[in-house]
Amino acid sequence: MKVIVDNKIPFIKEAIEQIANEVVYLPGSDFTPAMVQDADALIIRTRTHCNRELLEGSKVKFIATATIGFDHIDTEYCRKAGITWKNAPGCNSASVAQYLQSSLILLQQLKGVKLSEATIGIIGVGNVGSKIAKVAQEFGMRVLLNDLPREDKEGEKDFCALQTLAEECDILTFHVPLYKEGKYKTFHLADNAFFQSLRRKPVIINTSRGEVIETNALLEALATGIISDAIIDVWENEPNINLTLLNKVFLGTPHIAGYSADGKANATRMSLDALCRHFNLQADYRIIPPEPEQAQLTTSSMEEAYLKMYDPRRDSEALKAHPELFEKLRGDYPLRREKNAYTILCP
């Protein structure tokens, strides 16, 4: 079996080579029709667009994307072509929650946001949004939830209309998939009309998909004071992001909110498990990320401990200094572990 693997997927080499007798590693942008023609399976990230142009006439029967999102896969074409695809839902939800946790601490420390007195609106309450709600509750925040698909299935009891969030929230954070059309369309969900509906000059946070927020509308909202600040991890037109926006936001990072080593290991494991299930293969592999350099943290507070584990200012400063290195900053991302990797000594 021949498998082509994105060469930036971590912790995969030893495991995949137990499963497939031929493995080719490529940059995500180098998957071409000629390269995939005789492959049985692809394991990709968001930079590889799996569509008719890439796949037609190939032997590919299975695609795993080591990501939550799958808008880079033409699912309708795959259905018609008999190609099975799998994503990794929830793989990096704890990593994104870590990113939000540290970002909220920085908003309190540096921007004067009193979290215990603030209302946060979570737009999209799936694997990630549910964890963000728990983080916010631990800070004593009032939490409002908006998730139209879940509301349609579960009823209105636990959810609020987007307009309610626009009127009552001090922080708005987006955790929705990208749907370009249909009843649950999220493309440019935050457009000029959305920003005009805001009442409390909130902080805007986006770690979902760049296209969920209309860039020019966000810039206008920042310029006119409709919003007080923004934390942006995902951008329209990545990697060619809007530099004016980058320099205006409080934190601007290169699409790495979900890039903890734990989240990456989960995604790799889920992709390989799906590959083995599809081809009825058995393999004995373990995927465990490396230990952090300093696994024992002695701190004066839990907030200090969380920032020692992960401080998004590092990623923001790196991107603002060298925005032309967007892809490199993503592809060569340093080791980042989640809370379970640490022993915390805090009085």
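Reply: Contact here means heavy atoms within 4.5 Å. The model is a predicted one. By that cut-off, helix α5 brings Ser 93, Ala 94, Val 96, Ala 97, Leu 100, Gln 101 and Leu 104 against Asn 127, Val 128, Lys 131, Ile 132, Val 135 and Glu 138 of helix α6. By class, the residues of this contact are 8 nonpolar, 3 polar and 2 charged. α5 covers residues 93-111 and α6 residues 127-138. Their axes are 9 Å apart and meet at an angle of about 35°, and the crossing of α5 with α6 is right-handed.

The largest nonpolar core holds 41 residues, and Leu 104, Leu 107, Met 141 and Ile 171 have the most contacts inside it. At least two of its residues come from each of α5, β6, α6, β9 and α13 (302-309). The biggest share, 8 residues, is that of α5.

Beyond its neighbours within four places in sequence, Ile 171 touches residues including Leu 104, Leu 107, Met 141 and Val 203. Ile 171 lies in strand β8 (residues 171-174), where it points one way with Thr 173 while Leu 172 and Phe 174 point the other way. All four are buried. Strand β6 (residues 119-123) runs parallel to β8 and is joined to it by 4 bridges, with Ile 122 partnered by Thr 173. Strand β9 (residues 203-206) also pairs with β8 in the parallel sense, over 4 bridges, and there Ile 171 has Val 203 as its bridge partner.

Notes:
Residues numbered from 1 in each chain as written. Predicted model: local features only at pLDDT ≥ 70, side-chain atom pairs only at ≥ 80, totals over all residues. Heavy atoms only, no water. Buried < 20%, exposed > 50% of the residue type's maximum accessible area, 1.4 Å probe, protein only. Pairing = 2+ DSSP bridges. Axes fitted to C-alpha atoms, helices over the stretch in contact; angles between N-to-C directions. Left-handed = near helix turned anticlockwise from the far one by under 90°. Nonpolar A, V, L, I, M, F, W, Y, C, P; charged D, E, K, R; others polar. Core = buried A, V, L, I, M, F, W, Y, C linked by side-chain atoms within 4.5 Å.
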